[in-house]
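Student: I have just opened this structure and would like to learn how its features are read. Could you take me through it step by step?

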Amino acid sequence: MGLEVLAIVKHDCPVCDQLLPALDAAGARLVSQSSEEQTLRQAQRLSLSRVPEVDAGLALSERFDPDAVPAVFLLEDGTERERVIGLARDRLSALISRAGSTLELDGLPAMRPGCASRTRDPEVAGRLAARRARASGQITARELELGGLEDPFEAMHERGLTDGLPVVPPTPERVVAMLDYSSRGPQELVGAVPPYGGRATVEKVAINAVMAGCAGPELPIVLAAVEAACREQFALHGLIATTAPAGPVIVVSGPYARRAGMNCAVNALGQGNRANSTIGRAVQLTVRNVGGGRPGREDRAAHGQPGKLGFSFAERLDETAPWPGLAQARAGLRDDETGVTLFAGEAPRLVLDQLVRDPAALAASLAVGLEHVASQRQRVAWDAMLVLGPEHGRIFREAGWSRERVQQELHARTHCVASELVRGAGGVAEGLAPEWFADLQTQVPKFAGPERILLAYAGGDAGLFSMAIGGWVSGEAGSAPQSASVEPWR
Amino acid sequence: MSLTILDPTAERDPDGRPLAARPGSPRTVALLDIRKPRGDVFLDELEALLRDRGIEVLREAKPTFTKPAPVDLRREIADRCDAVIEALAD
């Protein structure tokens, strides 16, 4: 082996054109980043004595990783001893003479920077990064080939990988680029996803996040949400399998929500915002693909509801907010941190009050909406989330009512006398068993406690509306809302 | 042009879990109540029918319908019984 000179060039670089004849004459090993045809034409144009080799798959270029070409390397038994990037006459002469050869550089300028190496081309860089990630074990997911005659979007539908809407094909390049947005290792376990306990690694979640249409900054939020959803106390298995319509609702509280581009204001629960639409979707795709929970098979919802495609929004924690965020209140996060809260919720219903001006009246009005989630006759085993709109929130804020105060007032106002709630009362079969009550004048709460009414804050400036989201089965027998910090996943 | 994507699934063995062999003549059958209203009524009827056929019946119940049956319960049923009938639905 001994000493060898390697030169990496490309066909569309004038500095390579200038240097190639001299390198050719000096007997250097010439390797081109261009195609066979482009390399041949360059060799003919420059009247080289031989055609440079083609760097297959840019493997050599990736190994030595020059910023620019021409890149000349002195190798000893294959190991790099020295390199010169671009045209630098004196340094090149010195390098070549170390290899026991000479370089005819007369007439060439003393110094000329080269042209960008093809490995710096973004598309090429993406491919190389994906290849590196696979080689290093960063990504381990099986590769699926979508055939040349297949439309990739149709193909993914046919393989059962979508929620009914098209998904973004999770190419290795896209997944590797997505993984850049979390500091966590791709093979770290986020959670075991029901119903079959599939292992959601950071990589698997990233694949489903790409499919959902997430942009990179959303990944840490998705990861925190998947982790929280997979906790046993959230009872995701039951939530997937239930005949009830509930699904995971994801509330994001803190400054990172804005950095990820989330919407907390006009139409926050609706369409039009990429992050809002894709974060919840990524979690549901993870449930489908990693957990194996599919409608009609494991998911037995009688009707389901549109929120099961994905239901995520950000809290509006600006100067209009009456309280700190939900995750801040529940998980002790600081205002400068960001957290997610997972709630097993059905479709939101409107609670309208366009005449209210004082907090007590507002509490009374909101209480009516809350009391009727699921059925007015269903008591205690139900939680609810109230998404307070700004025109309602202002009333509590100006009155100085804390979150706890509002929860207590709502809890107190959602009581009803047992005689109106028992089975058969008012001709309605549903209800509480009368034998549970020694005295039918007992006041029965709707909620097990004030803390069971989760208060979130979001919405546009105009509109005297709030939204009530009924829960599923709550408490120890069912699902408990889970809050988690986004910070560790960034 | 063909496209390579990464598999978004857990890459377990997929669809189609094979059915277990039919028990033939079970001697002991577990009746598992998932604790939905009136599941016990249905299982009472089944118990009577099974006992008429000389089959031993083991009555069990999950703590809640919202979560999978606890591992110990599943193990007990698998150890002691030849088959299980589960009262599902609403």
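**Reading the contact between two chains**

Tutor: Strand 10 of chain A and strand 1 (residues 3-6) of chain B run antiparallel and are joined by four bridges; strands pair if DSSP finds at least two bridges between them, and helices (H or I, at least four residues) and strands (E, at least two) are DSSP runs, numbered from the N terminus. This is a predicted model, in which local features need pLDDT of at least 70 and side-chain atom pairs count only at pLDDT 80 or more, while totals for chains, interfaces and linings use all residues. Residues are numbered from 1 along each chain as its sequence is written, and chains are lettered from A and ligands numbered from 1 in the order in which they are written.

Student: Which residue is the bridge partner of A:Leu146 in strand 1 of chain B?

Tutor: That partner is B:Leu3.

Student: How many residues of chain A are in contact with chain B?

Tutor: Two residues are in contact if their C-beta atoms, placed from the backbone, lie within 7 Å; here 33 residues of chain A meet 17 residues of chain B. Among the elements giving two or more residues to that side of chain A are strand 10 (143-146), helix 7 (172-179) and helix 12 (274-291).

Student: Which residues of helix 1 of chain A are buried?

Tutor: A residue is buried if 20 or more other C-beta atoms lie within 10 Å of its own, exposed if 12 or fewer, and partly exposed in between. In helix 1 (residues 14-25) of chain A, the buried residues are A:Cys16, A:Leu19, A:Leu20, A:Ala22 and A:Leu23. What covers them includes strand 1 (3-9) and strand 2 (29-32) of chain A, and just after this helix A:Gly27 takes a positive phi of about 80°.
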